[in-house]
Amino acid sequence: MPVSRRGLLAGTAVAGAALAVPGTASAAAVASTSTKIGPNDARYQDLVLRGQNRRFVGTPDYARVIQSGEDAVAAVQDAVRSGKRIAVRGGGHCFEDFVDSSDVEVLLDMSTYDAVTWDPQYRAFSIGAGATLETVYKELFYGWGVTVPGGGCLSVGVGGHFSGGGYGPLSRKHGSVVDHLYGVELVVVDARGRAHSVVATRDNAHRDLWWAHTGGGGGNFGVVTRYLMRSAGASGRSPAESLPKAPAALRASLLLYDWKTMTQAGFVRTVRNWFDFFEQHNTADSPYATLYAPFILTHSSAGQFLLSTQLDAAAPDSEKLMNAFNAAMTVGVDPKPQVIDTGVGPFLHTTMERSIAETPTPARAKYKAGYLKQGYTDEQIVALYRALTDTTYEGPQSSVLLVPYGGKVNTVPADATASAQRDVVAKMVLSAAWTSAADDDKHLAWARKTYTAIYRDTGGVPVPNAINAGSYINYPDVDLADPAYNTSGVPWHELYYLGNYPRLQQIKAKWDPRNVFRHKLSIEPR
């Protein structure tokens with residue numbers, strides 16, 4: 001059952017080796033095979049309009065399509081020499097204007113640099129930073145029967161998704177994407193303004209730079225050209241043993257809820273059932289470790305909301321587990337939702353079918369998010385209900401998404417990777433989406449009012465406490481850095497990185513001393 005992105009999210013070497021691209025000691029010697037694509041070039045508009053949030057459309061001086069590591073080095077060197085601001089685009093799904101900003105003068109497009117291969121030197125899978133999740137899933141699965149626990153929107157690019165942590169339907173079983181990140185190749189700029197390429201792995205001399213890409217977020221340290229993927233603990237002796245085995249088949253169902261018959265009490269019970277279940281089944285060895293059940297709470301103007309569920313069909317008693325889960329979701333709910341058993345299907349086919357489909361006409365949107373250590377209080381759920389049933393707001397494409405998390409993710413220490421949130425049960429993604437610029441103020445006001453109401457007791461933001469664990473950097477929200485919306489006194493970087501921020505600052509100062517790579521929520525050098 002395909003769901004549009006607008007309708008769902010609007011309604012994610014050898015030890016000691018460092019690769020220096022030949023000629024980078026005198027970077028001018030590196031010639032780029034990419035051309036500067038300016039406003040008069042037929043390709044320009046297509047490149048600048050690839051972003052998936054139409055609130056932001058950039059006007060860079062030029063774009064360059066990066067097709068090799070040498071291209072990236074030369075393009076960065078040229079921009080630095082000219083004093084121009086750089087941004088990088090992979091899949092185009094950045095929620096804020098980190099790429100499509102009026103400050104950006106050079107756009108580096110990575111979309112064609114997307115090869116997925118086995119790299120025998122590093123005994124890891126090499127994934128070009130321009131690859132989308134769809135490309136990655138197909139190549140890994142068809143080639144070797146393996147996968148990574150990435151997101152459910154298959155058009156998302158790995159460039160930002162991986163470096164920000166990465167999670168998806170298989171994360172409760174296999175952890176975050178970065179738990180399978182062996183290394184990263186990227187172009188950095190030294191204190192003298194010289195661009196060069198470096199490979200940083202979890203076991204070489206540049207381990208700090210590897211660590212920074214295990215949740216530090218995109219656009220902070222350099223231009224990532226490729227990722228090296230090999231699970232922690234895997235030897236790399238063979239490709240088929242180096243990443244998680246993909247399920248053979250998935251069992252799936254849908255629960256459809258009718259807003260016309262949903263009372264406040266019924267909504268509170270419905271959402272409480274979901275939270276209670278995942279609090280009780282949040283260990284890595286749970287029979288429900290493969291269960292993924294995002295709750296898509298669309299605004300009442302959409303008519304319905306739904307719970308989309310999948311489970312590894314090979315899990316012991318998978319049919320019994322699915323039935324028990326659906327029963328747990330409907331306890332005390334009257335009238336009960338419609339339960340649709342969509343059956344069992346092969347892994348990749350079902351993943352594609354249930355993925356968040358891209359749209360050629362992206363919406364204007366605003367996203368806000370939070371991690372949850374446990375379920376919201378009844379008061380917070382009531383705040384959700386009031387926002388979603390607000391009759392003064394017409395927002396059929398707007399929603400609050402609850403995503404199950406934790407499981408294997410929570411078995412990793414908070415400082416082992418830059419992804420510090422390792423004690424969580426769920427994520428929340430609030431999104432408002434619309435089409436006309438004339439409606440910007442109305443929809444932004446609804447999103448901000450709703451978020452503030454949910455986190456009323458903690459200054460309007462998810463301040464870490466017994467319930468909250470901050471937010472996810474891959475869902476960036478510049479409001480968290482604005483005292484008009486964050487009245488908690490807790491800085492934005494603590495919400496995203498918790499105690500890992502000072503270490504990220506040190507790495508930033510070491511590897512990007514000129515602060516070449518920056519945006520509105522970028523890491524500040526220490």
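How many helices and how many strands are there in the chain? There are 14 helices and 17 strands, where helices (H or I, at least four residues) and strands (E, at least two) are DSSP runs numbered from the N terminus. This is a predicted model, in which local features need pLDDT of at least 70 and side-chain atom pairs count only at pLDDT 80 or more, while totals for chains, interfaces and linings use all residues. Residues are numbered from 1 along each chain as its sequence is written, and side-chain values use heavy atoms, with hydrogens and water left out.

**The chain as a whole**

- A compact globule of 526 residues would have a radius of gyration near 24 Å, and the value of 22 Å for the chain agrees with this; the radius is taken over C-alpha atoms, and the globule rule is 2.2 Å times the number of residues to the power 0.38.
- The C-alpha trace spans about 70 × 55 × 45 Å along its principal axes.
- Of the 526 residues, 62% count as buried; buried means under 20% relative accessible area, exposed over 50%, and partly exposed in between (1.4 Å probe, protein chains only).
- The accessible surface of the chain comes to about 19,000 Å², and 52% of this surface belongs to carbon and sulfur atoms; such areas come from the Shrake-Rupley method with a 1.4 Å probe, and for residues only the protein chains shown count as cover.

**An annotated span**

- In an unreviewed entry, UniProt lists residues 56-234 as "domain: FAD-binding PCMH-type"; UniProt positions are given in the numbering used here, feature names are shortened, and annotations may be inferred rather than shown by experiment.
- Residues 56-234 are 23% helix and 25% strand, and the end C-alpha atoms of this span lie 41 Å apart.

- Helix α12 (residues 440-454) has 15 residues, which at 1.5 Å a residue should span 21 Å; its end C-alpha atoms are 21 Å apart, in agreement. The expected span is 1.5 Å times one less than the number of residues.
- The buried residues of α12 are Asp440, His443, Leu444, Trp446, Ala447, Thr450, Tyr451 and Ile454.
- Seen down the axis of α12, these buried residues fall within an arc of 155°, so they line one face of the helix; the arc is that of the directions from the helix axis to the C-beta atoms.
- The face turned away from the buried side of α12 carries the exposed residues Asp441 and Lys449.
- The buried residues of α12 pack against β15 (364-372), α11 (378-388) and β17 (426-434); contact means heavy atoms within 4.5 Å.
- Helix α11 is mostly covered, with eight of its 11 residues buried; among them are Ile381, Leu384 and Tyr385.
- The cover over the buried residues of α11 includes α8 (264-280), β11 (295-298), β16 (399-404) and α12.

- Met229 belongs to strand β9 (residues 223-229) and counts as buried because its relative accessibility is 0%.
- Although Met229 and Phe125 are 104 residues apart in sequence, their C-alpha atoms are 4.9 Å apart in space. Leaving out residues up to four places away in sequence, Met229 touches residues including Phe125, Val148 and Leu243.
- Thr35 lies in the loop between α1 (5-8) and α2 (44-48) and counts as partly exposed at 43% relative accessibility.
- Neighbours within four places in sequence aside, Thr35 is in contact with Arg43, Ala63 and Arg64.
- Ala481 sits in the loop between α12 and α13 (492-497) and is partly exposed at 39% relative accessibility.
- Not counting residues up to four places away in sequence, Ala481 touches Trp492 and Leu521.
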